[in-house]
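My notes follow in the order I looked things up.

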Amino acid sequence: MIALEDVRKVYGQGEAEVRALDGVSLTIGRGEFVAIVGASGSGKSTMMNIIGCLDAPTHGRYLMDGITTGDLGEYQLAQIRNRKIGFVFQSFNLIARTRAVDNVAMPLAYRKVPRRERHALALEALDAVGLSSRAGHLPSQLSGGQQQRVAIARALVGEPVLLLADEPTGALDTRSSHEILDLFDALHARGRTIVMITHEPEVAARAERVVRMQDGRIIDDSALRSVAGGARIGGGAA
């Protein structure tokens with residue numbers, strides 16, 4: 001589903017040149033739960049930006065669902081971000097004066113889905129993360145963990161093929177972090193493809209596979225638990 005082929009990302013020139021990614025090749029299959037880990041400057045954030053079609057490689061190819069993203073224009077890339085990728089950020093990125101249900105419905109508005117339909121789909125997404133009773137609340141009326149659940153519902157509402165989470169527990173307390181990771185486990189068990197960026201080993205341990213980055217390169221790619229036979233992968237969207 002996702003393939004990076006000898007991807008390099010270079011900033012600057014000459015003595016100021018920085019190789020944020022230095023010859024990275026990686027394949028992630030449909031239904032996998034992968035954590036990409038590394039210290040600051042390891043290249044994991046650059047990797048996330050390329051996987052999320054927020055940035056392009058200097059060299060090499062990135063393919064999503066068999067499509068070479070480097071061949072696409074900005075409008076087509078925006079369509080991929082809106083339709084194929086659900087983003088979850090550390091800071092939630094919710095609109096402060098907008099109800100939870102309307103925050104969740106926002107990606108569907110960009111697709112010009114009729115108001116009544118997107119409202120119904122947003123309520124379904126909130127119910128899937130256990131927050132349907134908070135649909136009318138503003139972000140300021142929700143705890144950090146609840147705000148992150150709203151953000152996850154927003155990421156899921158358009159049925160993306162990929163859920164891309166950037167430090168999703170970084171702004172949460174321990175209890176809320178465990179609740180969010182339990183939710184990711186449940187989503188993965190239903191067949192969601194999840195790529196999670198983190199610097200926390202205990203968070204990465206919740207994935208089935210961990211890719212470790214250092215100095216712009218992959219230094220380790222290890223399966224933490226078997227998914228042989230696809231027993232954990234259900235019939236949900238991947």
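Entry 1. I started at Leu63, which stands opposite Thr68 in β5. The model is predicted, and I keep that in mind throughout. Strand β4, residues 59-64, is joined to β5 by two bridges, and the two run antiparallel.

Entry 2. I then traced the sheet around this pair. It is open, has four strands in the order β2-β1-β4-β5, and pairs antiparallel. I noted β2 (18-28) and β5 (67-68) at the edges; each has a single partner strand, so one side of each is left without a neighbour in the sheet. Helix α1, residues 44-51, packs on this sheet. I found α1 touching β1 (2-11), β2 and β4. The direction of α1 makes about 120° with that of β1.

Entry 3. Next I looked up the sheet that holds β3. This open sheet has six strands, ordered β6-β7-β8-β3-β9-β10, and its pairing is mixed. I read an average twist of 15° from one strand to the next.

Entry 4. I checked both senses of pairing in this sheet. Strands β7 (residues 162-166) and β8 (residues 194-198) pair in the parallel sense, over four bridges. Here Ala165 stands opposite Met196 in β8. Helix α5, residues 144-156, packs on the sheet and touches β6 and β7. The direction of α5 makes about 165° with that of β6.

Entry 5. For the antiparallel sense I went to β9 (residues 209-214), which pairs with β10 over six bridges. Gln214 stands opposite Arg217 in β10. How many residues lie between β9 and β10 in their hairpin? I count two, and Asp215 in the turn has a positive phi of about 50°.

Entry 6. Last, the pocket. The largest pocket has a volume of about 420 Å³. I list 19 lining residues; Asn82, Phe87, Pro107, Tyr110 and Arg154 lie nearest the centre of the pocket. Which elements each supply at least two residues of the lining? They are α2 (74-83), β6, α3 (100-110) and α5.

Methods: Residues are numbered from 1 along each chain as its sequence is written. This is a predicted model: local features need pLDDT of at least 70, side-chain atom pairs count only at pLDDT 80 or more; totals for chains, interfaces and linings use all residues. Side-chain values use heavy atoms; hydrogens and water are left out. Two strands pair if DSSP finds at least two bridges between them. Contact means heavy atoms within 4.5 Å. Axes are lines fitted to C-alpha atoms, for helices over the stretch in contact, and angles run from 0 to 180 degrees between N-to-C directions. On a 1 Å grid over the protein atoms alone, a cavity is a set of points where a 1.4 Å probe fits but cannot get out, and a pocket is an open set with protein on both sides within 12 Å along at least five of seven lines; lining residues have an atom within 4 Å of a point. Grid points are joined across faces, edges and corners, and a volume is the space filled by probe spheres set on the points.
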